[in-house]
Amino acid sequence: PTNETIYPIASVTKTMTGYLGAMAVLEGKMKLDDDIRKYLKGRYPNLTYQDKPIKIKHLLTHTSRLPAEIVGLESYLEKGDMEGALAYVKSYSKDQFFNDLKSIALDTIPGTRYLYSSNGTNLLGYILEDIYKTSYEDLLETHIFKKAGMKNTKLELDKDQKEKLSNG
């Protein structure tokens with residue numbers, strides 16, 4: 001490692017998404033007890049269990065009961081195929097995410113059991129994009145990276161930055 005080495009922030013973005021979610025609550029743009037379906041386009045009757053909906057606070061606390069990973073990723077992870085997993089995630093679109101979200105079946109009342117969920121954080125990121133009418137990357141850049149002086153922190157790296165990326 002050198003002063004030029006770039007490290008992936010990976011799941012630290014979950015904390016950053018939590019910060020952006022708290023900001024939206026403090027600004028009155030959403031409430032912790034809001035049913036998430038209030039912010040989704042289309043119908044998602046499956047995002048309840050025993051008539052108890054997933055709420056914003058459940059996305060923030062990993063208690064939504066949404067699956068841990070996006071549909072299809074587990075097969076790569078089970079095989080230990082990290083290269084395939086990364087390629088799959090890169091090709092997985094927002095439209096696919098929302099299509100797959102319609103097929104998820106909750107197994108427990110939201111808010112009652114913890115399950116680490118990239119899906120929950122991804123969904124909150126999409127909700128924040130819609131609330132603020134800008135991209136998740138722009139939200140991070142404006143509200144976190146610039147304020148903290150994080151000049152080399154990005155979701156997408158250019159060619160030169162990729163060459164400086166640490167090998168985990």
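The structure is a predicted model, in which local features need pLDDT of at least 70 and side-chain atom pairs count only at pLDDT 80 or more, whereas totals for chains, interfaces and linings use all residues. Residues are numbered from 1 along each chain as its sequence is written, and side-chain values use heavy atoms, with hydrogens and water left out.

Helices are DSSP runs (H or I, at least four residues), numbered from the N terminus. Axes are lines fitted to C-alpha atoms over the stretch in contact, and angles run from 0 to 180 degrees between N-to-C directions. Helix α1 (residues 12-26) packs with α6 at an angle of about 40°, the axes being 10 Å apart. The two helices α1 and α6 are therefore oblique to each other; angles under 35 degrees count as roughly parallel, over 145 as roughly antiparallel, 65 to 115 as roughly perpendicular and the rest as oblique. The crossing of α1 and α6 is left-handed, a term that applies if the near helix is turned anticlockwise from the far one by less than a right angle. Contact (heavy atoms within 4.5 Å) is made by Lys14, Thr17, Leu20, Gly21, Met23 and Ala24 of α1 with Ser118, Thr121, Leu124, Gly125, Leu128 and Tyr132 of α6. These residues comprise six nonpolar, five polar and one charged, where Ala, Val, Leu, Ile, Met, Phe, Trp, Tyr, Cys and Pro count as nonpolar, Asp, Glu, Lys and Arg as charged, and the others, Gly among them, as polar.

Helix α1 also packs with α7, at an angle of about 80° and with axes 11 Å apart; α1 is therefore roughly perpendicular to α7. On the α1 side the contact involves Thr13, Met16, Thr17, Tyr19, Leu20 and Met23, and on the α7 side Tyr136, Leu139, Leu140, His143, Ile144 and Phe145. Nine of these residues are nonpolar, three are polar and none is charged.

Helix α5 (residues 94-101) and helix α6 (residues 118-132) pack at about 115°, with their axes 12 Å apart. Their crossing is left-handed. Lys94, Phe97, Phe98 and Leu101 of α5 meet Asn119, Asn122, Leu123, Tyr126 and Glu129 of α6, giving five nonpolar, two polar and two charged residues.

Grid points are joined across faces, edges and corners, and a volume is the space filled by probe spheres set on the points. One cavity of 30 Å³ or more is found in the whole structure. The largest cavity has a volume of about 50 Å³, and its lining consists of Pro67, Glu69, Ile70, Val71, Tyr92, Phe97, Asp100, Leu101, Ile104 and Asn119. Helix α5 gives the most to this lining, with three residues.

The largest pocket holds about 2,000 Å³ of space. Its lining has 45 residues, of which Ala10, Thr13, Val89, Leu155 and Glu156 lie nearest its centre. Helix α6 provides the largest share, six residues. By class, the pocket lining has 20 nonpolar, 14 polar and eleven charged residues.

Note on methods
1 Å grid on protein atoms, 1.4 Å probe; cavity = no way out; pocket = protein on both sides within 12 Å on 5 of 7 lines; lining within 4 Å.
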